[in-house]
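Trainee: Before we open the model, could you show me how to read a structure feature by feature, taking the general idea and then the case at hand?

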Amino acid sequence: MIFGRVKPLDAILATAEKKSLHRTLGWFQLMLFGIGCVIGTGIFVLTAAGAQKAGPGLMLAFAIAGAVCIIAALCYAEIASMIPVAGSAYTYSYASVGELLAWTVGWALIMEYAIAAAAVSVGWSGYFSGTFLNEILGVQLPAWLAAGPLVLGGAPGGLINLPALIIALLVTGLLIVGTSESAKVNAVLVLIKVTALTAFIALTFTSPDFDASHFNPFLPAGVFGGFGSGLGAVGAAATIFFAYVGFDAVSTAAEETKNPQRNVPIGLVGSLLFCTVFYILVAAGAIGTIGGQPIMGPNGVPFPTGSEELARQCATYAADQLPLVCSNEALAHVLRQIGWSGIGNLLGIAAFLALPSVILVLIYGQTRIFFVMARDGLLPESLSRVHPKFKTPHIVTMLTGGAVALGAAFFPVGKLADISNAGTLYAFMMVAVALLVLRRRDPARKRAFRVPGAWLIAPLTIAGCVFLFLNLPYEAMLFLPGWGLLGIVIYFAYSRSRSHLGRGIVEVVDDVAGGETMVPIEPPPA
């Protein structure tokens, strides 16, 4: 049976059970951790793209995306507390719904992480070119080096986004050499981001430019722009879902949490609620001061984000009159427009400093999913080869970095984020499916945290993910099945016959000793 290969949970847990992590985290530490993981990329990068889809309804979009994330986070938390090992949704699926579906999840995650890293690279490029080069150094990058081609939604005269290409390659090189993010450095970056956004909220809400009329009409494209349109508040929610990705890192901390049944949901829901309110206030400040109405096409419908038509319209505005929806560094641009250029530049520098660490985490995550799948035999095992000097999976890191750099060089941030979200939503949906399967198949298994009302929360997560997926633009929706079809061909042509599980072997890695133990099991049905 093609769905018959389910990896034994006992084998997956063998390594994790060799050592017990000390439970030290309370709900407040979890909340701070969650806020640090979530706040950053999306709010700095996607505010303009979200406003073009929903106008002032961007505020409602943040609430919709946050609600879906909260219920998905609870599903993640239970399985992470039950299977506290590497591989994320791929591993969870392998232990519940079997190898084929786990392959599709891993294949989607590979795409998600790589394209998300490309999107953040493009977002960083906007702050680098606008704040660092133009505002601080007084250097104007030639149009052909500052954006991708117009036909791909870049900018008139654009050919390649050189800064985005370079930052992706630099981060890739850093990962090959080997790096570990210091907790202190990460804490400083979190402090910079939160301080910058708090200052933004304070300055915009107290500005004389703040005008309630800027919120009218509140929903120029409606709540629901139509399936496949990517428009309206729900369409914007599907795009800015990207702004919440990172909360799953909190769910993996369940094993180290005191009283996880109480503290995990408080930490998860609390951090997501805080970020949602924070995001809504930032959006309100931006829209209330300079407006956030979308640029409409001749049919009264907003031009699609990342489209040639929108890029042409934005090119007609002078730099000091640029609408919010056209800015590549939206928040810094808002502060400059209302007379706070110095603070706007500081905010741009905050993004300039913080975003490369996000690119690093995303490329790292992608290479580790690749690495785990190669270690399982589903991809060529040469990809899991470790560099003799740097002790990093250099081959897969170079492949990933090259793909990220190419995507960042030629495509706009909105399109990249939408495609990335398609993979994210599929992975989150499969985590909810895995939760239901494991509740039925292995109800007695120890769970540090159990989702209350799981038979309601998990179906709601599935429905929420499907609903947001159907509100992505058609191109992003079609990319996922197209990518998935390629993955299915690779699975049946190569992976299925070489799978360790299919050959009756489960590989368990000893994280402490750095060695490997090959554990034979009864081969599953063909």
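This is a predicted model: local features need pLDDT of at least 70, side-chain atom pairs count only at pLDDT 80 or more; totals for chains, interfaces and linings use all residues.

Trainee: Then let me begin with the overall picture: how many helices and strands does the protein chain have, and what percentage of its residues count as buried?

Mentor: The protein chain has 20 helices and two strands, and 59% of its 526 residues count as buried. Among contacts with a separation of 6 or more, 80% are between residues 24 or more positions apart.

Trainee: Which residues of the largest nonpolar core touch the most other members?

Mentor: That core holds 163 residues, and the ones that touch the most other members are Phe44, Phe62, Tyr244 and Leu347. Helix 7, spanning residues 99-137, supplies the largest share of the core, with 22 residues. To see what one such member touches, take phenylalanine 44: leaving out residues up to four places away in sequence, the list is Tyr127, Lys193, Leu197, Leu331, Leu347 and Ala351.

Trainee: How should I judge whether a helix is enclosed, and how many residues of helix 4 are buried?

Mentor: One counts the residues that fall under 20% relative accessible area, which is the cut-off for buried. In helix 4 (residues 47-54), eight of the eight residues are buried, so this helix is largely enclosed by the rest of the structure. The buried set includes Gln52 and Lys53 as well as Ala48, Ala49 and Gly50. After helix 4 comes glycine 55, whose phi is positive, near 65 degrees.

Trainee: Turning to the second largest pocket, how much space lies in it, and which residues are closest to its centre?

Mentor: The second largest pocket contains about 1,400 Å³ of space. It is lined by 49 residues, of which Ala155, Leu322, Cys326, Ser327 and Asn328 are the closest to the centre. The elements that give two or more residues to this lining include helix 4, helix 8 (143-146), helix 15 (330-337) and helix 18 (413-441), while helix 7 gives the most, with eight residues. By residue class, the lining divides into 24 nonpolar, 21 polar and four charged.

Trainee: What describes a pair of aromatic rings?

Mentor: Such a pair is described by the distance of the centres and the angle of the planes. The count here comes to 23 aromatic pairs. In one of them, tryptophan 27 and phenylalanine 28 are edge-to-face, at 5.8 Å centre to centre and with 80 degrees between the planes. Tryptophan 27 has 36% relative accessibility and therefore counts as partly exposed, and phenylalanine 28, at 48%, is partly exposed too. Phenylalanine 224 and phenylalanine 467, by contrast, form a stacked pair, with 6.3 Å between centres and 20 degrees between the planes. This pair links distant parts of the chain, 243 residues apart, with phenylalanine 224 in the loop between helix 10 (183-205) and helix 11 (232-240) and phenylalanine 467 in helix 19 (residues 454-470).

Trainee: Which residues form one aromatic cluster?

Mentor: Trp103, Trp107, Trp483, Tyr491 and Phe492 form one aromatic cluster.

Trainee: Finally, is glycine 297 buried or exposed, and where is its place?

Mentor: Glycine 297 lies in the loop between helix 13 (260-290) and helix 14, and because its relative accessibility is 12%, it counts as buried. Apart from its neighbours within four places in sequence, glycine 297 is in contact with Pro302 and Phe303. The C-alpha atoms of glycine 297 and leucine 310 are separated by 8.7 Å, the two residues being 13 residues apart along the chain.

Notes: Residues are numbered from 1 along each chain as its sequence is written. Side-chain values use heavy atoms; hydrogens and water are left out. A nonpolar core is a set of buried Ala, Val, Leu, Ile, Met, Phe, Trp, Tyr and Cys residues joined through side-chain atoms within 4.5 Å. Buried means under 20% relative accessible area, exposed over 50%, partly exposed in between (1.4 Å probe, protein chains only). Helices (H or I, at least four residues) and strands (E, at least two) are DSSP runs, numbered from the N terminus. Contact means heavy atoms within 4.5 Å. On a 1 Å grid over the protein atoms alone, a cavity is a set of points where a 1.4 Å probe fits but cannot get out, and a pocket is an open set with protein on both sides within 12 Å along at least five of seven lines; lining residues have an atom within 4 Å of a point. Grid points are joined across faces, edges and corners, and a volume is the space filled by probe spheres set on the points. Ala, Val, Leu, Ile, Met, Phe, Trp, Tyr, Cys and Pro count as nonpolar, Asp, Glu, Lys and Arg as charged, and the others, Gly among them, as polar. Rings of Phe, Tyr and Trp (its six-membered ring) pair if their centres lie within 6.5 Å; planes under 30 degrees apart count as stacked, over 60 as edge-to-face and the rest as tilted.
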